[in-house]
Amino acid sequence: MKWSEASGKINDKGILEAEMDILRLVLLGLAAVAALLLSFSFMQQALQPPELVTASQTTSGASSGRLFSEMRNARASIILALSTAPEYAAFFDRLKTLYPVDYETFLTNAAKRTVVTGEAPNVDRLLSDAMRTLRLSHGILASKADSEALSRIFAMQLNVMRALAIADEKLCVDFLYGNASSAFFDFSATHRMLIGDMALAGLAAVADGEAQPVEHGPPGDEDFAMLDKALREKGLNDAEISAVLDGKMSDPPIESARMCEAGQIYLETLAAMPEPGRSRIYGLAVELMARS
């Protein structure tokens with residue numbers, strides 16, 4: 001299913017019915033979130049570990065008190081871990097101020113995982129968890145941000161892709177398609193200012209869309225035709241365009257170096273599109289992320 005088909009379904013029925021191949025574009029219009037950044041399956045499982053839920057429902061007396069103490073200690077260890085990454089401080093401070101319920105939800109879920117797994121908090125994973133919590137609860141608001149805030153999201157994604165292209169081309173492609181990879185946390189640990197700025201861009205768009213919502217409207221066939229034409233002029237072939245727009249892998253697959261380059265060309269080309277078509281496509285991408 002192409003972007004244009006997804007747009008048609010929004011026009012006809014007023015709801016998103018895009019199939020999984022469209023949802024694979026989450027990190028083309030991240031992170032977001034990011035989301036990013038970030039739709040890692042192990043994150044989703046960790047947010048509500050069933051072992052802890054069962055324990056909290058069946059324990060009483062001393063056991064319940066012990067669990068409370070463990071949760072309190074885990075929360076303290078998480079806050080301490082966050083203090084070791086000043087590059088993320090602005091994001092967490094603003095999240096706590098603007099969306100205190102989301103901040104508390106993030107802390108509670110992270111503490112549950114810490115108690116269940118016994119693992120020390122990973123600050124880079126914590127940032128991804130917080131971004132995902134925000135995306136699930138308020139991500140739809142980012143699609144209504146003004147053109148500047150929307151453009152900032154995608155500009156930061158492009159910056160991350162450029163850094164990934166230097167560090168690890170395969171990881172660059174993983175980022176492009178949102179594939180689960182703990183290696184991304186290793187990358188984040190050495191690029192925290194960059195990742196922190198990306199997180200802030202997403203949060204700023206959510207806040208902007210809530211304060212002064214803009215109805216960009218769904219992109220039309222002419223918007224996608226313009227993007228397709230521009231991508232071809234930049235040297236992308238049919239298989240590469242299909243890969244970045246529909247998430248369809250060619251057989252044989254495109255080499256990681258070229259696919260990483262194609263993803264960057266896609267974001268650069270989209271950023272150069274005239275308004276209001278650019279914001280219509282940006283808005284659709286962010287809305288798909290929020291609903292995925």
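Let me begin with a definition, since I will be naming elements by number: helices (H or I, at least four residues) and strands (E, at least two) are DSSP runs, numbered from the N terminus. With that in hand, Pro 276 sits in the loop between helix 15 and helix 16, and a cis peptide bond, with omega about 5°, joins Glu 275 to Pro 276. As background, most peptide bonds are trans.

Residues are numbered from 1 along each chain as its sequence is written, and side-chain values use heavy atoms, with hydrogens and water left out.

On confidence, pLDDT is the predictor's confidence in each residue, from 0 to 100, and the protein averages 82, with 78% of the residues scoring at least 70. Confidence is highest in helix 6 (residues 89-98), at a mean of 98, and lowest in helix 3 (residues 41-47), at 34. Over residues 1-59 the pLDDT is below 50, although this stretch has 157 contacts in the model beyond near neighbours in sequence, contact meaning heavy atoms within 4.5 Å. Where pLDDT is low, the predicted coordinates should not be read in detail.

Turning to the interior, a nonpolar core is a set of buried Ala, Val, Leu, Ile, Met, Phe, Trp, Tyr and Cys residues joined through side-chain atoms within 4.5 Å, where buried means under 20% relative accessible area, exposed over 50% and partly exposed in between (1.4 Å probe, protein chains only). The largest such core has 74 residues, and those touching the most other members are Phe 91, Phe 92, Phe 106, Val 160 and Leu 231. Helix 9 (residues 147-167) supplies the largest share of this core, 10 residues. Leaving aside neighbours within four places in sequence, Phe 91 contacts Leu 127, Ala 130, Met 131, Ala 199, Leu 200 and Leu 203.

Finally, consider Arg 280, which lies in helix 16. Is Arg 280 buried or exposed? Arg 280 is buried, because its relative accessible area is 18%. Not counting residues up to four places away in sequence, Arg 280 touches His 216, Gly 217, Pro 218, Pro 219, Glu 222 and Asp 223.

Terms used: This is a predicted model: local features need pLDDT of at least 70, side-chain atom pairs count only at pLDDT 80 or more; totals for chains, interfaces and linings use all residues.
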